[in-house]
Each structure stands twice: as C-alpha cells, then as structure tokens.
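This briefing is intended to be read beside the sequence and the three-dimensional model.

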Amino acid sequence: MKDEKFVIKAYGKTELAMKYFPNLTPESAMKRFRNWLIINKRLKKLVSKKIRYYTPKQVRSIIEEVGEPFDIE
C-alpha cells in the first residue's frame, strides 16, 4: 500500500478517515480522524455535521497539516 500514490480529489468523510485508519472500523476511524481535526486549529473548521464531503482544496489542507495517509503508521 505504501507504493500507491495518494490522489487529491473530493472524498467522503468516512472514505478519507478510512485512508488514514484502514485497520479500524469506519465509526472508529471517523472518531479518531475527527479528533485530529478538532485539535488542529487550522483544520478545526472542517469539523461540521453539515460537511459530507471534503473538497480537493480541503483535502490538500488536511495533508499539508497531517501528511498523506500512507505516511501514517
């Protein structure tokens, strides 16, 4: 999986959370990912129940702050 190239595109919230935490259940991945966003002042604005998908611009902001999913252990 480390050989794959992460594509910046629109992602559903759960879909992106699962990229970062593939070994967790979708619910657990969402909780952990949401907590990452909450503690990061620049990303906190992305925590909203109204947001269903992250735009490519939002995804770029996320990876600039926390890195690409494949870099996360």
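Contact here means heavy atoms within 4.5 Å, and buried means under 20% relative accessible area, with exposed over 50% and partly exposed in between (1.4 Å probe, protein chains only). Helices (H or I, at least four residues) and strands (E, at least two) are DSSP runs, numbered from the N terminus.

The model is predicted: local features need pLDDT of at least 70, side-chain atom pairs count only at pLDDT 80 or more, and totals for chains, interfaces and linings use all residues. Residues are numbered from 1 along each chain as its sequence is written, and side-chain values use heavy atoms, with hydrogens and water left out.

**Helix α3**

- Helix α3 comprises residues 56-66, and its buried residues are Q58, V59, I62 and I63.
- They cover an arc of only 135 degrees around the axis, so they lie on the same side of α3; the arc is that of the directions from the helix axis to the C-beta atoms.
- An α-helix has 3.6 residues a turn, so residues three or four places apart point the same way.
- K57 and E64 are exposed on the other side of α3.
- Just after α3 comes G67, which takes a positive phi of about 90 degrees.

**Helix α1**

- In α1, the buried residues are K13, L16, A17 and Y20.
- These buried residues fall within an arc of 100 degrees when seen down the axis of α1, so they line one face of the helix.
- The elements against which the buried residues of α1 pack are β1, α2, β2 and α3.
- Helix α1 also holds E15, which counts as partly exposed at 38% relative accessibility.
- E15 and A29 are 14 residues apart along the chain, and their C-alpha atoms are separated by 9.4 Å.

**Aromatic residues F21 and W36**

- F21 belongs to the loop between α1 and α2, and at 8% relative accessibility it counts as buried.
- With its neighbours within four places in sequence left aside, F21 is in contact with A29, R32, F33 and W36.
- A distance of 16 Å separates the C-alpha atoms of F21 and K5, which are 16 residues apart along the chain.
- W36 is located in helix α2 and is partly exposed, with a relative accessible area of 24%.
- The C-alpha atoms of W36 and E68 are separated by 14 Å, the two residues being 32 residues apart along the chain.

**Overall fold and dimensions**

- The protein contains 3 helices and 2 strands, and its pattern along the sequence is β-α-α-β-α.
- Its radius of gyration is 11 Å, close to the 11 Å that the globule rule gives for 73 residues, so the protein is as compact as a globular protein of that length.
- The radius of gyration is taken over C-alpha atoms, and the globule rule is 2.2 Å times the number of residues to the power 0.38.
- The C-alpha trace spans about 30 × 25 × 20 Å along its principal axes.
- Of the contacts with a separation of 6 or more, 53% are between residues 24 or more positions apart.

**Surface and charge**

- Of the 73 residues in the protein, 32% are buried.
- The protein exposes about 5,400 Å², of which carbon and sulfur atoms supply 51%; accessible areas come from the Shrake-Rupley method with a 1.4 Å probe, and for residues only the protein chains shown count as cover.
- There are 17 positive and 9 negative side chains, and the centres of the two sets lie 12 Å apart.
- Lys and Arg count as positive and Asp and Glu as negative, while His and the chain ends are not counted; the place of a charge is taken as NZ of Lys, CZ of Arg, CG of Asp or CD of Glu.
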